[in-house]
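Hi there,

I'm passing along the structure we talked about, and my notes follow below it. Have a look at it first, then read on.

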Amino acid sequence: MTTIAPPVVRTKEPSRSTGGRSGPVLWMALPAFVWFVFFGIIPLLGVLALSFTTWNGIGEIVPSGLDSWKATLSDPGLPHALWVTFLIMALSWAVQTPMSILIGVFLATSKRYREFLAVLFFIPLLLSSAAIAITYKALLDPSFGLGSGLGIDLLNQDWLGNSTLAMATLIFIVSWQFIPFHSLIYQGAVRQIPTSMYEASQIDGAGRVRQFISITLPQLKYTIITSSTLMVVGSLTFFDLIYVLTAGGPGDATRALALAMYQQGFQANLMGPASAIAVILVLVGLVLSLVLRRLGGRADDSQLEGA
Amino acid sequence: MSNNPISRRNFLGLAAGAAGAAALAACGSSGPSNSGGSSSGGSGGGAASYWSLSGPPGEPYRQAAIDRFNKANPDSKITGTFFQNDAYKQKIKTALGANQGPTMIWGWGGGGLKEYVTSGQVEDLTSWLGENAAVKSKILPSSFGAGTVDGKIYALPVETVQPIVLFYNKKVFESAGLQPPKSWGEIMALVPQFNAKKIAPFSLGGQSRWTNMMWLEFLLDRTAGSEVFDKVFAGEKGAWSDPAVLDMLTKIQDLVKANGFQKGFSSTTADSNADQALLYTGKAAMMLHGSWSYGIQKEQGGNFVKDGGLGWMNFPAVEGGKGDPSNTVGNPGQYLSISSKATTEAKDIAKKFFSTTLVDDEEKAGWVKSGGVPVLTGSESLFTGDDAGFLKDMATIANGAKVFAQSWDQALSPTAAETLLDNIAKLFQLQVSPQQWVDAMNGVIGK
Amino acid sequence: MATVTKHRPSPSVSGTPGGTRRRNKAMAYNWLGGGLSWVWLFVVMLPIYWIVITSFKTQSNYFITNPLVPASDLTFENYKTVIESDIVRYFFNSVIVTLGATVPAVLVSFMAAYAIVRGSGSRILKGMNWVFLMGLAIPLQAVIIPVYLIIIRLKMYDTLAAIILPSIAFAIPLSVLVLSNFIRDVPKELFESMRMDGATEWGTLWRLAFPLTRPALVTVAIYNGLGIWNGFLLPLVLTQSPDQRTVPLALASLSGQFGVNVPAIAASVTLTTLPIVILYAIGRRQLLSGLTAGFSK
C-alpha cells in the first residue's frame, strides 16, 4: 500500500477514508442493531430452537430432534403453501405495479381535482386489514352483497368459495389496499423528473406513449425497485387479511406460508412444525431480499470497497 | 465460502443455547413470579383473575357474576378480562405457554381441555366436587361429560346448554304449502320443491366451516348412532372407516349436488350472521344452527320471531338409521377450569366463586334472560314471556337426549380439529370424495 | 442528480411547479391514466361508501335494506355504542403507540442505513446489514411467544411500552433496506465536500443525508406508521387491561360471542379513521412534497 505512487493515492484517499471511517460511523448502526437483535433475532433463534422440539404451546417443551422438520418437509401442504405464497407475491406485484405507475403518472400533474383524488385514494391505507376483510366479506356475500345491491346477478359469484375466484379476490383486495400508497410514491417520483427532458423529446416529435416508455419509465427505475421491495416483502408476512377473509380457504387455496405457520402453531397446537415453517419463511425472505438488494444496490457496494 | 462450516456450527451452538433459554424461560416463570396470571396490580389481599369472551350475549352476565362475588367478598377480588372469540384463543394459548395464564380459564371443554390436562395446566376438581356435592347437584349431569378427562373432572360446567337444532321459516313453509320434514327422505323431497320456488332449501354459512360440520354430526348420529364417533374420540385406529361414515358423507354430497344450500354458500359467513338473515328474510326455508341463533334472529330479524315466524325442531330421523332421534349435538355447556399454576390463595377464591356465585339463583336467572338454557338444574320455572316456548323446547331436547354429543371440533384435539374442518370444507365443495375424506381423517386419529 | 434534489424544496407547497403545468398543457390528455384513475376511484370509494352508510344502520335492518342504499331511518346508536366503549381513549393509546414506535424506528434505521452505506468497507457493518436483511421475512406471529417472554422478563407486560419496543424492532429491517438504497444514491462528491469543510460524520448525517433522504424517510415513516396503527397481534398478546387497548383491539372487542356486529364495526372504523383522513387532507401537501422531493433521485 505504502508503495503506491502519489497520484493514485490521492484518488484513492477519499474512498479509503470512507472505509476507514467505519469506526466513527459504526456506532450509528448500533441502536438499530441492538434493538433488532433483542426483539427480532433472539426470538428468531428461539423459534429455530423450537423447530427441533415438540411442543403443544401450553405444556412442556420436549426436544425431538428432526421430527418437526421431517413432518414439515414431508407435508404436501408445504410446497403448496410455498406456491400460494409465490402466487400472491407475483400476482399482487403484477397487478399493483402497472396500475400504480399509471395512476401515479396521472396524478402527478397538479390539478386541484387530482389532488382531491389523491386524498381519496389514500383512505384504504388507513383501514386495518381486519376491517377491510369484514367489509369485503359483506360486499361479496352472494345473497346480501354487491350483486343484490346493484341488482347485477353476475356479481353474485361464489367469490370466496371457489379456489380460483378466492385467489383472484384476495389479489384484488390486496391491490385495493396498497395501490393508493404505491401510486403516491410514483406520483412523487414523476414530479421529480425534470420537465426539460420531456420538452426536448417533444421537439423530437415523440408522442405520449413514447415519452412514457423512453423517459418516464427509465426515470422511475429506482422508485420501481423501492416500491417492489415493499410489495414483495410485505406480501411474505401479511397474514391478517387472509386470516379474516378466507382463513386460507376454500380448502387450502389461499393458505400462504405465514398463515400455514399460524394455523399449525396456534390452531393445531403444533409449535414444532410451525417453527420449522417460520424458519423456512425467513429463508425465503432472505433469498428474496438478497435478490432485491442486488437490484437496488446497483453495484455501488463493490465500487466503494474495491476502489 | 470457506468459513461456512464454522458459521453454521456457531449458528447451531447459538440455537442450542436459545433452546435452553426458551425452555428455562418457560419453566422458570412458573416460579414465585407467577401469581396465577396477570400482573393486575400486586394486590395484597386475595386476588384471582378470570378470562373469558367479550360481547353479547354472555359478557354482561359474566361481569355481573364477578361483581356479585366481589361485593359479597370484599377482601378477595376477582378481575375479569374479556376478549373477542378468536383473539381469546390465541391470547390464552400464548399466556399459558408462558405460564402467565389467568386463575380461571374459560373454555369449551373436550379436546382443548384435554390438552390443558396433559400439559398439567389445570386442577383436578374431582375430589373438590366430591366434598361439595351440593355444588355438583346444582348442575345438569349431562354437562359434565365434556369437562371430564379420563374419568376426572377438570372443569366446572357454566353458563348455558346449547343444542344444535333445525330452524325453519314457518311463513315460507306456509306460503309454499309444504310441511316441515320429519325424516331425511322428506328433507331430500323438499329440496327440489323449494328450489322450484327459487327459495334456498337450506341456509348455510359455509365459509365458517364449523357450520358445515353440524350436518355431519347429526347425519352420522342418526344413521349409525353415537358409537362411531365415540371410537374416533377414543382414538381407535381407522375408526372413520365405518361404512356408516361413507354413507353419511355420500348423503351430504347428494344434498349439495341437489342444490340443497343457497347459491354460493361457501362464501356466506356465519360470523356476520348472514346465514341467519337468509332464513328470517325468507330467502331460505331451513337452517341447522346452534340454539344461540334464536337470540340473534330475535334481535335482528325485526318482528320475525315475535310474530311466530320461526320454527324449530330436533334433527329428524334418517330412514333405517340406528341412531336415537332424541340424541343431540352441540355445546353441553361452557367450562371453567382452575389453573394449576395459580397460588393457593387464588385457587381458593376461584373455588369459592364456583361454589357460591356461579351456582346461585341470580346466575340462573341471568342466563335465562340472555336467551339460553342454563346448565343449572331447575331453571324451567324461570322460562316465562315470549321466549318460554323456545327455552322449554331447548331444555327438553337437552335433558331428553340420550346422548348429548359435543361438537366434533371441540371434542377432538386441536390438531385433529384443524384437519377435520379443512376436509369438511373440501367435502362440501365436492373437492374430495367420501373415500378421500375418510382416508384423510383416519390419518389424524388419536393425534 | 444533485441539482435535482436541490430544487426540490417547497414549490409544490406554494402551488404547482411551473414545469409540470406546462407539461400538462403541452400534452394530450392522458386518457389511459385518467380513465384508470376514475375507475379506480369508484373501486376505492365503493367499499368506503358502504362502510359509512352501514355505520348508520341498525343491526336489524342491516340485512333487510339494500346494502348500497342508506337506511331511511338513520341511527346514531352505533356511534353512541362506540363512543361509550371508550374509543377516544383507545384512539389516543394508538396515537401514542404509533408515534412512539415510528419516530424512533425511522431515526435509528436512518442512522444505521447511513452507517452501512458510509462504512461499507467494514465487515462488522456488513454483518449487521445481513442480520437486518434476514429480519425482513420474520413474521411477527412466528416469534410472538419469545417476544412475549422477553416483555414479561422486562416487567413491561400490559403497558404501551410493551407494544412500542417490539414494534420498533420489526420496523427496522425494511426501513434500513429502503433508506440505505436511498442514501447510496447520494453523490459521493457531496459527502466529500462536507468532509473537506471539516464536518464530522454526525454533522454530515444530519445536515447532508437527512434533508436529502427526506422523501424516503417520509415513505418509510408512513409505511411503518400505518402498519403499527393497525397492528393487532402485539397489543393483543402484550397487553391485557382495557386501559391499554389500542383501536384495533377495541374494534375486535365490539364483536359478539357468536358474530360480528357489522354496523358497530363500521361506525368505529369510520370514527377512528376520520381524524387521520382529516390530518392527511391538511398535511398532504407537506407529505407529498416529502415524497415528491425526489423519489427518483
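Let me begin with chain B, where the C-alpha centres of domain 1 and domain 2 lie 31 Å apart. Please keep in mind throughout that this is a predicted model. The domain assignment gives residues 46–159 + 333–359 of chain B to domain 1, and 162–330 + 407–442 to domain 2. Where the two meet, eight residues of domain 1 of chain B are in contact with seven residues of domain 2 of chain B. On the domain 1 side of chain B, the residues that touch domain 2 divide into two nonpolar, four polar and two charged.

Next, the helix packing inside chain A.

Helix 8 of chain A (residues 163–192) has two partners to look at. One of them is helix 5 of chain A (residues 112–126): the two axes come within 7 Å and cross at roughly 135 degrees. Since angles over 145 degrees would count as roughly antiparallel and 65 to 115 as roughly perpendicular, helix 5 of chain A is therefore oblique to helix 8 of chain A. The crossing of this pair, helix 5 and helix 8 of chain A, is left-handed. Helix 5 of chain A makes the contact through Ala118(A), Phe121(A), Phe122(A), Pro124(A) and Leu125(A), while helix 8 of chain A brings Trp176(A), Gln177(A), Pro180(A), Phe181(A), Ser183(A), Leu184(A) and Gln187(A). Sorted by class, the residues of this contact between helix 5 and helix 8 of chain A are nine nonpolar, three polar and no charged.

The other partner is helix 4 of chain A (residues 77–108), which packs on helix 8 of chain A at an angle of about 40 degrees, with the axes 6 Å apart. Helix 4 and helix 8 of chain A are therefore oblique to each other as well. Here helix 4 of chain A passes helix 8 of chain A in a right-handed crossing. The contact of helix 4 with helix 8 of chain A comprises 18 nonpolar, eight polar and one charged residues.

For chain C, UniProt (an unreviewed entry) annotates residues 91–283 as "domain: ABC transmembrane type-1". In the model, that stretch of chain C is 79% helix and 0% strand, and its end C-alpha atoms are 19 Å apart. The unreviewed UniProt entry also places the feature "transmembrane region" at several spans of chain C, including 129–154 and 258–282. Residues 129–154 of chain C are 81% helix and 0% strand, with end C-alpha atoms 27 Å apart. For residues 258–282 of chain C, the figures are 84% helix, 0% strand and 40 Å between the end C-alpha atoms.

Between chains A and C, 100 residues of chain A are in contact with 103 residues of chain C. Helix 2 of chain A (residues 22–50) supplies the largest share of the chain A side, 20 residues. That side of chain A has 67 nonpolar, 25 polar and eight charged residues.

Chain C also meets chain B: 24 residues of chain C are in contact with 33 residues of chain B. On the chain C side, the elements giving two or more residues are helix 8 (140–153), helix 12 (233–238) and helix 13 (247–253). Helix 8 of chain C gives the most, with six residues. The chain C residues that touch chain B divide into 15 nonpolar, eight polar and one charged.

Happy to go through any of this with you.

Best wishes

Notes. Residues numbered from 1 in each chain as written. Chains lettered and ligands numbered in written order. Predicted model: local features only at pLDDT ≥ 70, side-chain atom pairs only at ≥ 80, totals over all residues. Domains from an automatic or database assignment. Nonpolar A, V, L, I, M, F, W, Y, C, P; charged D, E, K, R; others polar. Axes fitted to C-alpha atoms, helices over the stretch in contact; angles between N-to-C directions. Helix = DSSP H or I, 4+ residues; strand = E, 2+ residues; numbered from the N terminus. Parallel < 35°, antiparallel > 145°, perpendicular 65-115°, else oblique. Left-handed = near helix turned anticlockwise from the far one by under 90°. UniProt positions renumbered as here; feature names shortened; annotations may be inferred.
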